[in-house]
Amino acid sequence: MLAYIIRRLINAVITLLVVTLVTFGIFFGVPKITGSDPALLYIGKTADAASIEGIRTKMGLADPILVQYGKFLKGLVVGRDYSSGPDVIHCPAPCLGYSFKTDRLVTPTLLADIPVTLSLAIGAAILWLIIGISAGVISALRRGTLIDRAVMTGALAGVSLPIYFTGLLASAIFIYWLEWLPQGQYVPFTENPGEWFVQMLLPWITLAFLFAATYARLTRANMLETLGEDYIRTARAKGLRERTVIGKHGLRSGLTPIVTVFGLDLGALLGGAVLTESVFNLRGLGYQALDAIRANDLPVILGVTLIAAFFIVFANLLVDLVYGVIDPRVRLS
Amino acid sequence: MSLGPEASITEETTPTADAAEVRSPGESAIAGRSLKQIAWRRLKKDKVAIGGACVVLFLILIAILAPVLTKLFGHPIDEWHPDQVDPTFATPVHPWGGITSDFIFGVEPTTGRDIFSRIVYGAQTSLTVAFLSAFLSTILGVLFGTAAGFLGGWVDSMISRVMDFLLAFPQLLFSIALVSVLPQEFLGLGSRWSRVSVLVLVIGFFGWPYIGRIVRGQTLSLREREFVEAARSLGARSPRILFRELLPNLAAPILVYTTLIIPTNILTEAALSFLGVGIPPPNPSWGGMLSDAVTFYSIDPMFMIIPGGMIFITVLAFNLFGDGLRDALDPKAR
């Protein structure tokens, strides 16, 4: 078990290294091929030659890409200094770089965004798990009835509705037309939990609706497959109550595949729900990434991508470990 | 054939109707049918899937006929109509987003451009990107999937590694980033079609592992079947086995997953355009229209509902058709 975890951790680190290398290649390599100068991107087209040269030496942009990549990795582990002449900026580990566009260190900027993304992802996840799984299970148990068809129609509509449409629609209806919810901005939980809840309610519901649709379809399919298994028939034949058959034997193996999907979805969301955050004006990691891409702020983009990949890889690892516990057929080795 | 799939066929269609069809007057005995014929029969009975297919065909027609439709029922996509908007609030003067007999889908706030024409041209962009990128994903997916499944060994572990890696990737973030570093115009294509090709490349590239994984799995199981062994014992070489024995058997899953990846691609294209890295303005796209609507949706909701509704209808139609196709071709996979 311990050997397995260590092996997986090494694998995870390798994946993250490849992700950073690819990101690095895209943002520092592609501009080189297409002939645009990263130093120019940093400082803007109006800068004079001396200040461009200054940026270039300060950022180490004159070095070959692999050297730059090496320095970036070193900064992640032990921190690094950015200096050209008198002013030295120290960037403590884990250093994701320094944004010349905004004159800020990347790591603290991104750390400040994490609570917003975390609030959004966790709240929505709780909602969609409850709604999606119960809708799927009910649909499977009442297969072919009106309820089943209604749930499945709703779920199909749900997977066909993009959040950048439902989000706007929901805001138009609940905030501007019915006026059930107030207009406003994100408020940190630590500042005012009530206001935080009210402001997050609509993003949660909209995001959860989207995922709940997928989960309902998935749960229904899994449950139907499980309920057709021989051991369910055996459980019924030995006289167990229907509730025990479904609750203890059906759900357990019917829901294991959901764990995998859930882990991956949550991991992906934690790395920045770009669309949701953009629609609801939530300044989380996804919003930050978008801002950075629009401003060509390469160090910030690199940082967000790395954090996003970290969440996905970590979620993958967690899913596999949890799987060993909930699914007795899987033995980790 | 095993009993499994047979049993689930009869579940869907009423046995009596099926039996009647099998012994239709023209056929004297129970005729053997190809998978194509069986699937077509099942698909024809699935009214929802046929409905989806009709909507899809209708949308394709709209996209192809965009210039004609614009001439007949609309106005040029970039023609401003300041007389149609309120000078102080920038909203359309007529109710319901400015819908009149002249502007059948209403007009854009601020500029007064004709929404109908922009929707029709948006359909062109959206469907072109979705189809071409699905095509690219399929080619790559089949190529790498069959290679991994058929050759096995280190080729398989390499390709599988790459697929796992791509699937465990912040894809939307990467697409946004990639689209924004690639040049705005190249090969003299003009800004609209250069962006369309960039979107096709990026969306198509990130889509191939989904198809590749399925193709690999299918190839792995088909490779061990008796008919492959039979072909090999008759002296068939690998290319022949691959093209004449394996690929025809892979056609059904490939068709199904290509169809099902199209709605995803439509959503991704719209998302990228919504975020401002897709089709550049003033070229019309549904996602771009939704992004313009963000400023106005509280006072002019029609401007948001029309492009959003179009995305919804299109994606739903493709999903319904794709689901129907899957059920028809492979009733077991559900």
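Reading two residues and the annotated spans

Guide: A:Ser253 lies in helix H10 of chain A, residues 242–270. Helices here are DSSP runs of H or I with at least four residues, strands are runs of E with at least two, and both are numbered from the N terminus. The model is predicted, so local features need pLDDT of at least 70 and side-chain atom pairs count only at pLDDT 80 or more, while totals for chains, interfaces and linings use all residues. Residues are numbered from 1 along each chain as its sequence is written, chains are lettered from A and ligands numbered from 1 in the order written, and side-chain values use heavy atoms, without hydrogens and water.

Visitor: Does A:Ser253 count as buried, exposed or partly exposed, and why?

Guide: Buried means under 20% relative accessible area, exposed over 50%, and partly exposed in between (1.4 Å probe, protein chains only). A:Ser253 counts as partly exposed because its relative accessibility is 25%.

Visitor: Which residues does A:Ser253 touch, not counting those up to four places away in sequence?

Guide: Contact means heavy atoms within 4.5 Å. A:Ser253 touches A:Thr226 and A:Tyr231 on that count.

Visitor: And how is B:Thr258 classed at 18% relative accessibility?

Guide: B:Thr258 counts as buried at that value. This residue sits in helix H12 of chain B, residues 238–274, and its contacts beyond four places in sequence are B:Ala134, B:Thr138 and B:Ile211.

Visitor: Which residues of chain B does UniProt list as "transmembrane region"?

Guide: UniProt positions follow the numbering used here, with shortened feature names, and annotations may be inferred rather than shown by experiment. The unreviewed entry's listing for chain B includes residues 129–153 and 299–322. Residues 129–153 are 96% helix and 0% strand, with end C-alpha atoms 35 Å apart.
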